[in-house]
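Hi there,

Here is the structure I promised to pass on. Have a look at it first, and my notes on what turned up follow below.

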Amino acid sequence: MASMMRVFLILLWTMNLVQPNVPQAAGVHVFPPVNFTLTVSALAQVLLHWKPNPNQEQKNYTIRYDVKILSPVPEEYDTKKTHSIRTAALHNGFSAHIRTLLLHNDLQMGSDWVKKKLLPPPGAPETSVTNLSCVTRITISSTVSLHCTWLPGQGAPEDTEYFLFYRYETYTEECQDYIKDKWNRNTECRFSATHIDPEKVDNLIVIHINGSSKYAAIKPFQQLFNQNAIEKVNVPRNVTVFLEQNDLLATWEKPISPFPKECFEYEFHLFNLKSGNKQILKISSNDFRLWIDVTNKYSVQIRANHHICCTRGFWSDWSEIIYVGKN
């Protein structure tokens with residue numbers, strides 16, 4: 001009997017030893033945030049704001065908030081703050097859920113979700129622009145130009161006038177230089193200089209196009225562009241090609257850009273005018289040596305693109321043709 005009692009006491013002591021020192025979930029109430037709002041704070045920018053539930057017990061707990069963006073692009077994250085800013089195209093609306101997270105040691109409990117959404121802006125179907133495309137270039141003066149083109153929506157009346165705005169970080173500007181189609185509708189916009197920082201890597205450019213018509217409400221359209229992904233890279237400079245015995249040697253300088261030369265890759269186009277054979281070789285340096293048949297005549301061109309420093313852009317135009325070889 002005494003032996004059985006000792007076993008029972010040992011088991012009881014062991015159970016108490018491994019019992020986790022956390023609050024019982026059944027006795028803890030987790031309340032959802034209150035006053036959850038969605039506010040458009042800039043072009044394609046939403047401010048999510050909420051307040052802690054005043055009924056929420058806070059002692060011995062860490063309180064965070066679980067945020068779930070449902071549309072237009074799904075995303076989930078948690079934060080200690082009671083506000084959050086998100087950049088997104090809003091022409092189809094925006095919706096998000098939020099809940100309170102209560103953490104203590106290894107125990108995590110969540111409240112019910114609170115849901116909010118922004119409705120799409122008004123406008124008749126198929127009146128917004130389509131096929132929006134934008135290109136940037138770094139100028140000699142180290143500013144960034146912007147050129148966008150689009151097509152009118154199929155449901156847009158013939159008198160529709162479109163207006164383009166771009167936003168970069170906190171700066172917003174309306175286009176002043178439009179190009180029109182044969183029906184006198186704006187279908188292109190040019191900014192010779194912008195507030196886009198050529199040294200920034202992979203920042204977002206927001207393009208917003210709205211419109212007006214006597215016969216229909218024109219639905220606005222927004223699109224986000226990675227600034228490096230839409231850059232039309234400049235042509236390599238000071239291309240020099242010459243022969244050294246049976247080798248063709250080529251050297252050049254990187255394109256006009258704030259990025260160092262290590263950030264670029266090149267395509268070397270060699271065309272044999274006698275045989276008609278052509279080669280396009282990828283090169284990561286600023287010089288090149290290749291054995292050729294010097295009894296033939298060749299044409300040489302080079303073009304450039306971003307490589308490792310940021311997202312690849314559009315390939316530059318080909319450099320001017322240089323001829324080398326016999327005659």
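**Salt bridges and the domain contact**

Arg-99 comes out as partly exposed, with 22% relative accessibility; buried here means under 20% relative accessible area, exposed over 50%, and partly exposed in between (1.4 Å probe, protein chains only). Before going on, please note that this is a predicted model, in which local features need pLDDT of at least 70 and side-chain atom pairs count only at pLDDT 80 or more, while totals for chains, interfaces and linings use all residues. Residues are numbered from 1 along each chain as its sequence is written, and side-chain values use heavy atoms, with hydrogens and water left out.

Which residue does Arg-99 pair with in a salt bridge? The partner is Asp-66, with 3.2 Å between the closest N and O atoms. A salt bridge is a side-chain nitrogen of Lys or Arg within 4 Å of a carboxyl oxygen of Asp or Glu. Asp-66 sits in strand β3 (residues 62–71) and Arg-99 in strand β6 (residues 94–104), 33 residues apart; strands are DSSP runs (E, at least two residues), numbered from the N terminus. Asp-66 is buried, at 6% relative accessibility.

The whole structure has 13 salt bridges. Another one joins Lys-232 and Asp-317 (3.1 Å, N to O). Lys-232 lies in the loop between β16 (221–226) and β17 (237–244) and Asp-317 in the loop between β22 (297–306) and β23 (322–325), so this pair ties together parts 85 residues apart in sequence. Lys-232 is buried at 18% relative accessibility, whereas Asp-317 is partly exposed at 38%. Arg-137 joins Lys-232 and Asp-317 in a network of salt bridges.

Now to the domains, whose bounds come from an automatic or database domain assignment: domain 1 (34–118), domain 2 (125–229) and domain 3 (240–324). The centres of domain 1 and domain 2, taken over C-alpha atoms, are 31 Å apart. In all, 10 residues of domain 1 are in contact (heavy atoms within 4.5 Å) with 11 residues of domain 2. Between them the two domains bury about 830 Å², 63% of it on carbon and sulfur atoms; buried area is the accessible area (1.4 Å probe) that two parts lose on being put together, summed over both. Leu-43, Thr-87 and His-91 supply 70% of the area that domain 1 buries against domain 2, more than any other three residues.

How many salt bridges are there between domain 1 and domain 2? The count is 0.

Best wishes

Note on methods
Helix = DSSP H or I, 4+ residues; strand = E, 2+ residues; numbered from the N terminus.
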